[in-house]
Amino acid sequence: MHELSLVTELVAECARRAGGRQVAAVQVRCPDGVDADELAEAFAHLTAEGALAGAVLEIETVRQVLTCGCGFSGEVDPEQCAGHMVVCPACGRVHEAPDALELIAVRLADDDGIVL
Ligand SMILES: [Zn+2]
């Protein structure tokens, strides 16, 4: 369960940024191939208590970007992403997808402030 380790890091980072304040929502950007349902499930599990209790995970899905040894560099179609593998559309080489769960913003509950 790869998503769990990604979310574990995310939750730790959010708690650090919130600095003890209550978190209302967390916005993240994740590439195709990462299972959004599993992310949400892991997030709910890991935030059952503490500063992130009740926080909502908002996921924005973006295209996976690949740079391949054959010279290809750019966005890859979702059909060419499977789990944590990305297939180069130019040469067919299989790459391991980078672990990219990008934290966009942490929204706090008390004053509706946003911690970037
Ligand atoms: Zn290639």
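**The whole chain**

Of the 116 residues of the chain, 24% count as buried; a residue is buried if 20 or more other C-beta atoms lie within 10 Å of its own, exposed if 12 or fewer, and partly exposed in between, with C-beta atoms placed from the backbone. The model is predicted: local features need pLDDT of at least 70 and side-chain atom pairs count only at pLDDT 80 or more, while totals for chains, interfaces and linings use all residues. Residues are numbered from 1 along each chain as its sequence is written.

Colour the chain by secondary structure to display two helices and nine strands. Helices (H or I, at least four residues) and strands (E, at least two) are DSSP runs, numbered from the N terminus. Their order from the N terminus is α-β-α-β-β-β-β-β-β-β-β. The C-alpha trace spans about 50 × 25 × 20 Å along its principal axes.

**Strand β1 and its partners**

Select residues 23–31, strand β1, together with residues 102–108, strand β8: the two run antiparallel and are joined by six bridges. Strands pair if DSSP finds at least two bridges between them. Within this pair, V26 has V106 of β8 as its bridge partner.

**Helix α2**

Show the side chains of L39, A42 and F43, which are buried in α2. Viewed down the helix axis, the buried residues of α2 fall within an arc of 100°, so they line one face of the helix; the arc is that of the directions from the helix axis to the C-beta atoms. These buried residues pack against α1 (2–18), β1 and β2. Turn to the face directed away from the buried side to find the exposed residues D37 and H45.

**V76**

Finally, select V76 in strand β4 (residues 73–76). V76 counts as buried because 22 C-beta neighbours lie inside 10 Å. Which residues does V76 contact, leaving aside its neighbours within four places in sequence? They are R63, Q64, L66, C81, V86 and P89, a contact being two C-beta atoms, placed from the backbone, within 7 Å. V86 is ten residues from V76 in sequence, and their C-alpha atoms are 7.8 Å apart.
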